Amino acid sequence: MMMLTKLVSLFSTKNKFASLSSIPLFLSPSLITRLQMESSYTASSHSSSSSSQSSKLLFRQLFEKESSTYTYLLADVSHPDRPALLIDPVDKTVDRDLSVVQDLGLKLIYAMNTHVHADHVTGTGIIKSKVPSVKSVISKASGSKADMLIEPGEKIHFGNLFLEVRATPGHTLGCVTYVTGDGPDQPQPRMAFTGDALLIRGCGRTDFQGGSSEQLYNSVHSKIFTLPKETLIYPAHDYRGFTVSTVGEEKLYNPRLTKDLETYKSIMKNLNLPYPKMIDIAVPANLVCGLQDETPKA
Ligand SMILES: [Fe+2]
């Protein structure tokens, strides 16, 4: 039995790339089949949440290449309704996102934004026009229009899972970070959807939309870096191919936010970034959740 346990570990999540060639030759075909079955069970019970572990959470990270935006799909698949939400959907990829929701048999209930984006138009308005029962969600501090204007400390429930709202202003005045719940039935490690407040080895710019480098520094240090070090960081963008980081990793290696406040402010002041090319289109549209052409109904 001990040998079997050891062999199963060959096929475990950590060894998911183990190929048949790595199986000792003395194993019988029936034992190989059994090991493969045990291995696929182990992988599927964890793969639903990528790196985070929960038998309830289904998690997908989706990418929009023009604006390098990540959209996140989360659902409670242990609940009979399979309720789901999308964080930071993009207008251009709404059809893709809705087809994944449909393929996986989910019921989309929320389309949420971390902030009023300046580099792309949110997909929330289009999603609502295609699935009228979906509610749009954004922070009250953003000054934007949405069905639900959330405030720091609120919980957004989907089935038996929830996201906690943390105010992380500084990139924009109304930026929030959504963090998966803290509790025995919630995914572990926790997952933080940081928008543009904290990027992998970077952070959002602070020179537009009510931004403030001092505020962003304080937000990240007080609301994100205080989470357990294994907390997974899922940003709204990445331009270099990174997909996920952790609080511990960013506290050690983020080239900006590991500095003291004065050095950080000086870095942010001297970025010399170009004027965002989409800002004049995206911000007005996103202030009304992407429904800029919406005509008032009588
Ligand atoms: Fe942004």
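The structure is a predicted model, in which local features need pLDDT of at least 70 and side-chain atom pairs count only at pLDDT 80 or more, while totals for chains, interfaces and linings use all residues. Residues are numbered from 1 along each chain as its sequence is written. The secondary structure comes to eight helices and twelve strands, where helices (H or I, at least four residues) and strands (E, at least two) are DSSP runs numbered from the N terminus. Of the 298 residues in the protein, 41% are buried; a residue is buried if 20 or more other C-beta atoms lie within 10 Å of its own, exposed if 12 or fewer, and partly exposed in between, with C-beta atoms placed from the backbone.

**Contacts across the sequence**

- Among the contacts in the protein with a separation of 6 or more, 62% are accounted for by residues 24 or more positions apart, a contact being a pair of residues whose C-beta atoms, placed from the backbone, lie within 7 Å.

**Helix α3**

- In helix α3, which spans residues 94-103, the residues Val-94, Asp-97 and Val-101 are buried.
- Seen down the axis of α3, these buried residues fall within an arc of 70°, so they line one face of the helix; the arc is that of the directions from the helix axis to the C-beta atoms.
- After α3 comes Gly-105, whose phi is positive, near 65°.

- Helix α8, made of residues 279-286, has Ala-282, Ala-285 and Asn-286 as its buried residues.
- These residues cover an arc of only 90° around the axis, which puts them on the same side of α8.
- On the face of α8 turned away from its buried side are the exposed residues Asp-280 and Pro-284.
- Met-278 lies in the loop between α7 and α8, and Met-278 is partly exposed, because 15 other C-beta atoms lie within 10 Å.
- Leaving out residues up to four places away in sequence, Met-278 touches Ala-118, Asp-119 and His-120.
- Met-278 and Ser-67 are 211 residues apart along the chain, yet their C-alpha atoms are separated by 9.6 Å.

**The pair α5 and α7**

- The axes of helix α5 (residues 213-224) and helix α7 (residues 261-269) come within 9 Å and cross at roughly 125°, the axes being lines fitted to C-alpha atoms, for helices over the stretch in contact, with angles that run from 0 to 180 degrees between N-to-C directions.
- α5 and α7 are therefore oblique to each other, since angles under 35 degrees count as roughly parallel, over 145 as roughly antiparallel, 65 to 115 as roughly perpendicular and the rest as oblique.
- The contact is made by Ser-213, Glu-214 and Tyr-217 on the α5 side, and by Leu-261, Tyr-264, Lys-265, Met-268 and Lys-269 on the α7 side.
- The residues of this contact divide into four nonpolar, one polar and three charged, where Ala, Val, Leu, Ile, Met, Phe, Trp, Tyr, Cys and Pro count as nonpolar, Asp, Glu, Lys and Arg as charged, and the others, Gly among them, as polar.

**Pro-83 in strand β3**

- Pro-83 lies in strand β3 and is buried, because 20 other C-beta atoms lie within 10 Å.
- Leaving aside neighbours within four places in sequence, Pro-83 is in contact with Ala-75, Asp-76, Lys-107, Ile-109, Phe-158 and Gly-159.
- Pro-83 and Val-101, which are 18 residues apart in sequence, are 9.9 Å apart in space, C-alpha to C-alpha.

**Backbone details in loops**

- The peptide bond from Gln-188 to Pro-189 is cis, with omega near -5°, and Pro-189 has its place in the loop between β9 (176-180) and β10 (191-195).
- Ser-68, found in the loop between β1 and β2, has a phi near 50°, a positive value in a residue other than glycine.
- Arg-82, in the loop between β2 and β3, also has a positive phi near 50° in a residue other than glycine, and Arg-82 counts as partly exposed, with 18 C-beta neighbours inside 10 Å.

Terms used. Contact = placed C-beta atoms within 7 Å.
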